[in-house]
Each structure stands twice: as C-alpha cells, then as structure tokens.
Amino acid sequence: MFTNYWYLLALGAMFSIITKSVNDVTYVTIFFIWLLYLFYKKRIRLITLIATTLSFIFFYLYIPSIERPQIEEIPSNESYHGKIISPIEQKSNSIQFTFQPFQMKEKFLVIHFYEENNDVDLSTLKYGALCKIQGEITVPEQARNPYQFDYQLYLLKNGITYQFIIHDVADIKCSKQNSLQYVFSLRDILMELSRKKLHAETSAWLQALVLGNDEFIDTETIHMFQRWSLSHILAISGLHIGIVVMIIYFMLVRFSIVTKEAAQSFLVMFLPVYAFLAGGEPSVWLASLMVVLGIVLVKLKVKLNITDIISIIFLLLIIINPYIVYHIGFQFSFLVSFGLIMSQKWLMQTKSNVFRVLQINFIAQMIILPLQVNYFYHFQPLSILLNFFIVPYFSLFVIPFTFLLFLFIYLPNPIIKLVEKLFLIIHQNVLSLIHVIDQHFYFPMLIGTFPTYAIVIYYLLLIAFMIYIEKEQMKKAALFGFSICLFLTFLVVRPYFSPEGTVKMLDIGQG
C-alpha cells in the first residue's frame, strides 16, 4: 500500500528523533508544512499523510529521552537478580557486561577488575545467563570540561544508567544461558584461533575486518584512521558485507557447489548469523538486512525500490532497539546510504569505475560532515583524496584477503605463513605511507560544533550543488561548491571576529 512512500514514514521517525534531540518544533513544523503541500498538490494520498503523522507520534513517544541520574537516586541495594544482556567483554585486567536487574528498569554496566594475567573462571558468564550479583553501584563519570569525552552520556545513549563494581568474581553467581550465546562463543573461538595460527598484526586486522573487534589494532593506527576519516574501513559496513556476499556467492555458484537459488537461501540464513559474529553493529545489520530483504522480496515477487527497503530496515531497527538512534554508526550508515541513493543519477552518469569511487567517497564525506564535526569537532578536507586511494586498496586487497584467510585458516601452516608474509610486506608499507602523509599533510579545519542554523544552511547549499552537478550545469555547481567552502571557512574564523570574549575554566582534578 505504501510502495514508494515508505521513506515518508522513515522521515516521520527521523523528525521525531530530531525534535526530541534539539527540543525544538521548528524543523518538524517545516516538515509537516511540506507534507500538507504534497497532499494539496495530490502527490500523496490522505492515508499516506495520516500514516506519516502517526509514525512521528509513535516514535516520538517510543524513543527514550536521555536523562542524567542524580546521586541521591542511586539504589541502596547491594545484591540483584537479573539477566546478562550483552556478550562478555574480557580484557587483560577486567571483564564487563551489561546486566538487566529484574527489580529495576535501569540497566547496569557490570565491571570486575583483577590483577593482570590472573586466571579468572568465566565459564558461567554467558550471554543470556540468569545471575545474582553483589557489589557497589556508582554513577558513571561525566565530562567536566568542554569537548571532553562524556562517558556517562555515552552509557546513557546505550540505555545504561549505572555502573556496578564487582570486587570479587565469586560475587557473580550465574545459571542457564541464551541459545544466542553459542554464536558469541563461536566468535570467541574464531578470534582465539586467529591469534594462535597467525602473526599478531595479521590476526589483529582479520579480527577487525571480519569479526568486528579492533581491540588488537595499534592505538596510534586507530587514531590516525580517525583523523583522516578512514574509520569506516575498520567498522564492518556495506563494503564488507558486499565483499562477503560476493565471495560466498561466487564460490558456491562458480564451482557448482549449489544452485543459484540454494546459494541465495544460504545467504538469507547466513547473514543474520554473521551480523552477530561481526559484533552486531548497526552498519552490519543495515547491510545484512538489505541483502536479506532484497533476496526475500525477489523470491516473493514483491517489487520495492531501494529507498523503500532502507526505510523499512530503518524503522525495524529502531523498533527493535530504540536506543540505536543515538548510535553514531547508525546515524552515519543511514545518512551515507540515503545520500548515495539520492545521488544515483549522478553516479550513473559516470562511466569510469575509478571516478565513481571518488564520487562515492565525496558524497559520503560531505553528507556526514555536520555530524562528524559535532562529534569530533574538526574536518580534514584532504581526507577525500586519501580515501580515493585507501578505500580501493582495502576493497580490492585487504578485506578480500582477510576474508579468504579466515575461510581457509585450516590450511597447512607453511602455506598460511607464506601468504601472510606477502600480505604483511604490502600492508606495512601502505600503513607507513599513511603515517608519512599524516605527519606532513595533516591540516584539519577546527570548526568546533555546528550550530543548528549552520546545519540547515550547509545542507541547502549541498543539495543545490548536487542538483546542478546532476544537471551538468557546472558553472552553477561551482558557485555553490565555492559557497560551501566559504561557509565552512566562516565557521572556522567566526570566533576571531566575535565582539565578545569568553573565559573557560577547566577542571584539572588535583592539578
């Protein structure tokens, strides 16, 4: 019934998120004026208008508000019965997991610290286990300085209100576990296998790109990727899922192992399981569900366009987990996907695959720029060019290599070591090149935060720029492109032209 109009329901949900976040009805008012205009022009039906309105109301009421806990509100209990609702995260000197007490609606982040390299029995700590825990409830620390990482807000956006400190592992008594734990156990087994069979660096990249665990990648490398907007390579997303689908489908069909129909059915069953194996991030679920839903719709002979499919997945993920709207990966993934869908005409005008890669990177960078600045406070213009070289390198070499190595990890060690040595020689040289570029060409635009008015102006300029590019009216496109650059420059220099000065007092603890 809503074919070609699911995006309006998704927009209704999106504007409910925006209204709740900024506590301002201006944007949703403009949205509904536009809807009424479409209805007046008979471009949408009354049922579509009503459905979009109900979508806005439902999600506005359904999505939780973020409220900081007060010290005086801390529960006095020291013992709780409840359920483990996350995989167990184990580090060299600590374990932590999310715990839902039966007697409270708030969730706890349970943490237990122990001496490094000390053997701790975690055999009963499993996803879905029913447990009794004893310890100390604390309120997570919040940011005390401007632009400092706010750990308390981070946990609240994941639905976690309190930390629960366990002083002795014996204070955690668990029984029974969820069947989903077998998937997480398999993930732990695969990570341990990669550490035993492979060189530490190869294992680190395999775990990051195949299993969604970047814990073992060098911290400086992660920071370097963040500085140059390359973090999307480390986060399993549509690029990685596309390669997984291509490899599996090619192997099953090309070598006549199964028919095309059977290969498609296998992918429908495999991809949701792989989403859990890969860490269950929103970007993984988006890409996996798009493939699954696409295959199912083809088999059922139901025709939906790509905009409808992504809108349905957007709504489903929010219904399953309303806190997902606060997840940066969720926001980036859908915004980039939406930008690429809206730019299909421009992408199809290009015959060169090499230039199309540059176009995709450009769209992805520009569409998320306000969000990126609000989260990280800076923008690196040269990252678009670096992405142009690094993304194909990872797409055509690193990611396929790590997936194939993962699939054939049981090959004899001499073969594994030979292939691995070739990979390390190439990969270490590429990383060294990125380090050199980072040292000599890192000149970011330090913007601070994007004011609300600036976000509106920026997107209006970007939309106009993209419209004229599609129409191949390059003079007008260049004018709006220059306007975007001028506007970003204005945001950088505006503090220096302010008639008022401000003083920031920094909390440095004990000094």
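Predicted model: local features only at pLDDT ≥ 70, side-chain atom pairs only at ≥ 80, totals over all residues.
User: What makes the link between Cys131 and Cys174 a disulfide?

Analyst: The sulfur atoms of Cys131 and Cys174 are 2.0 Å apart, and a disulfide is defined as a pair of cysteine sulfur atoms within 2.5 Å, so the pair qualifies. A search of the whole structure finds 1 disulfide.

User: Why is the disulfide of Cys131 and Cys174 called right-handed?

Analyst: The torsion about its S-S bond is about 110 degrees, and the disulfide is therefore right-handed.

User: Which parts does this pair tie together?

Analyst: Because Cys131 belongs to strand β5 (residues 130-134) and Cys174 to strand β8 (residues 172-175), the pair ties together parts that are 43 residues apart in sequence. Both cysteines are buried.

User: Why is Cys485 described as partly exposed?

Analyst: Its relative accessible area is 48%; since buried means under 20% and exposed means over 50%, with partly exposed in between, the value for Cys485 falls in the intermediate class.

User: How do you know that the length of helix α19 agrees with what its residues should span?

Analyst: Helix α19 (residues 452-470) has 19 residues, which at 1.5 Å a residue should span 27 Å, and its end C-alpha atoms are 27 Å apart, so the two values agree. The expected span takes 1.5 Å times one less than the number of residues. After α19 comes Glu472, whose phi is positive, near 60 degrees.

User: What covers the buried residues of α19?

Analyst: The buried residues of α19 include Tyr458, Leu461, Phe465 and Ile469, and the covering elements include α13 (328-342), α15 (353-367) and α20 (474-493).

User: What makes strand β7 largely enclosed by the rest of the structure?

Analyst: In strand β7 (residues 160-166), 7 of the 7 residues are buried, so the strand is largely enclosed. Strand β4 (residues 107-113) runs parallel to β7 and is joined to it by 6 bridges, with Phe108 partnered by Tyr162, whereas strand β6 (residues 136-138) runs antiparallel to β7 and is joined to it by 3 bridges, with Thr138 partnered by Gln163.

User: Which residues touch the most other members of the largest nonpolar core?

Analyst: That core has 80 residues, of which Phe225, Tyr274, Phe314, Ile318 and Phe394 touch the most other members. Helix α17 (residues 383-407) gives the most to this core, with 11 residues. Apart from this core lies another, of 28 residues, among them Val336, Leu347, Ile469 and Ile484.

Methods:
Residues numbered from 1 in each chain as written. Heavy atoms only, no water. Core = buried A, V, L, I, M, F, W, Y, C linked by side-chain atoms within 4.5 Å. Buried < 20%, exposed > 50% of the residue type's maximum accessible area, 1.4 Å probe, protein only. Helix = DSSP H or I, 4+ residues; strand = E, 2+ residues; numbered from the N terminus. Contact = heavy atoms within 4.5 Å. Pairing = 2+ DSSP bridges.
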